[in-house]
Amino acid sequence: MKRKETQTLIETVMDSFSHRDNFLGISDPEKRRTVCRSAKEIIKTTDKIIKCYIRISTEKNGIARIPAYRVQHNNISGYYKGGIRFSEGVTEEEVENLAILMTLKNALYWLPFGGAKGGVHINPRLVSERELNLISKKYVQNLARDIGPSQDIPAPDLGTNEQVIDWMVGEYKTINPGKSYMGSFTGKSVANGGVKGRRESTGRGIFLSYSWLINSWSKQYDKNDSIPRKQQWQRLQTLHQKGRKGKSIRIAIQGFGNVGNVVAQETYQNDKNKSSVVAVSDHAVTLYQPDGLDVENLVTFTKQHYGDLPKNADELKQAGIQATILPAADVVTLDCDILVLAAIEEQIHKNNMEQVKASILVEGANAPLSTEADNYLEEQGRVIIPDILANAGGVIVSYLEWKQTQAVHNFTEEEIISSMSQKMTTTFRDVFDAYFFSNKHTMRHTCYLLALERLTTLLYRHGKLY
Ligand code: NAD
């Protein structure tokens, strides 16, 4: 979904609030309309968009002038919060869309954060480590006045990692001597005040979203015929039975970075008897093995090859993997039960949506389905777990990391996993119940309803809606 589509869905959902009897305790329809209109104007518009240029002296091409952004969408729920991505796809529109999604995600999970996002228009694979270090520090120098532990708290995202964040923390500390700095960023290395399990959290949460739906949520309603979403329900039941009867649920994963490789490992380590990873992909290739890939060997190989999957027969042999090599884009149309999208935006669209075979699509990445594909696949009876629901594990654990900087207690990894799982399954239940027991809205619409209701309530309680 692009920014315009996200904003249109927000408007549709918010327009529906004014027709709800007694919404926010307001019985007068005219007053309700005014209040809802004001809330819509606030959420529709972005608080602040910062664009700057990072100038660095490069080893190959002299001075480079690199566009960089920080977008702060809304902070009614708390300090601005959102990742920073390093990618050639970065544009102002993309970063703003991602900032809006962060506001919605944090509101859906009742986290005390608003929504923001950052981006730098570079391909991190094409610059040296020294250049990457300089770019990271200059990003902080340019935004020093707008970020901070009680203002706007960035984290890693596509193309960035804990090393980049550690460099940024170091620069923030240098610029702000004597000030508190540990809560200025999350996603730090454990050595630098991060929490154990932050890197894995987004992938773990994504795995939890579909495994909990199939194995726990749907089990409660095993023999329920009154569920109105017959097609989606049938698909869940088929997968549940498949897992039970020793037949593997087949998972395909697009993207094998921070997020995708953890989803693969979680499936491989925790769900071996019920499911298998039949395909994975990165920017260059798809690897397909209908009997299941050896995920541990793949992870070992990618660690030794800057995150890249084996891309020819020699590398497959070196990795100890048996698989067919296909073009990168093929992963989304392969025969599988669950498709996890963990790469970039707009990967399923009108040109390939009809070839998608998966019963469940999970948005690990932000906005990987176009609106057209979302609606089409929903009509086909597929279950689509949307980004703001599925990939929130990272920001939930970021919240715990930020909380740790304000307390003496250091969380153990078990405490982190348990808190994250509890928070996620509470919200999963709210969304899955609302979605499967009504056939009015898509699951995305359901998530937006819950998130926007929270935001509107906060705006109203803060006295901002007249
Ligand atoms: P990453 O940079 O670690 O990995 C990205 C992966 O996607 C790599 O395997 C890369 O080769 C692949 N990829 C890139 N372009 C591709 C293309 N055109 N086609 C197919 N594959 C491609 O990034 P990440 O941290 O794993 O993030 C992946 C997605 O998840 C992003 O959309 C990000 O916004 C989202 N996300 C990440 C986090 C987090 O905590 N890291 C949290 C929420 C959402």
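User: What makes the pair α6 and α14 oblique?

Analyst: The axes of α6 (residues 198-220) and α14 (residues 413-436) come within 9 Å and cross at roughly 50°. Axes here are lines fitted to C-alpha atoms, for helices over the stretch in contact, with angles from 0 to 180 degrees between N-to-C directions. Under 35 degrees counts as roughly parallel, over 145 as roughly antiparallel, 65 to 115 as roughly perpendicular, and the rest as oblique. The two helices are therefore oblique to each other. This is a predicted model, where local features need pLDDT of at least 70, side-chain atom pairs count only at pLDDT 80 or more, and totals for chains, interfaces and linings use all residues. Residues are numbered from 1 along each chain as its sequence is written, and side-chain values use heavy atoms, leaving out hydrogens and water.

User: Which residues of α6 and α14 meet?

Analyst: Contact means heavy atoms within 4.5 Å. Among the residues that meet are L208, W212 and W217 in α6, and M420, M424 and F428 in α14. By class, this contact has 10 nonpolar, 6 polar and 4 charged residues.

User: Why is α14 called oblique to α15?

Analyst: α14 and α15 (residues 443-461) pack at an angle of about 125°, their axes 9 Å apart. That angle makes α14 oblique to α15. From α14, the contact uses D430, V431, F432, A434, Y435 and F436, while α15 supplies M443, T446, C447 and L450.

Definitions and conventions: Helices (H or I, at least four residues) and strands (E, at least two) are DSSP runs, numbered from the N terminus. Ala, Val, Leu, Ile, Met, Phe, Trp, Tyr, Cys and Pro count as nonpolar, Asp, Glu, Lys and Arg as charged, and the others, Gly among them, as polar.
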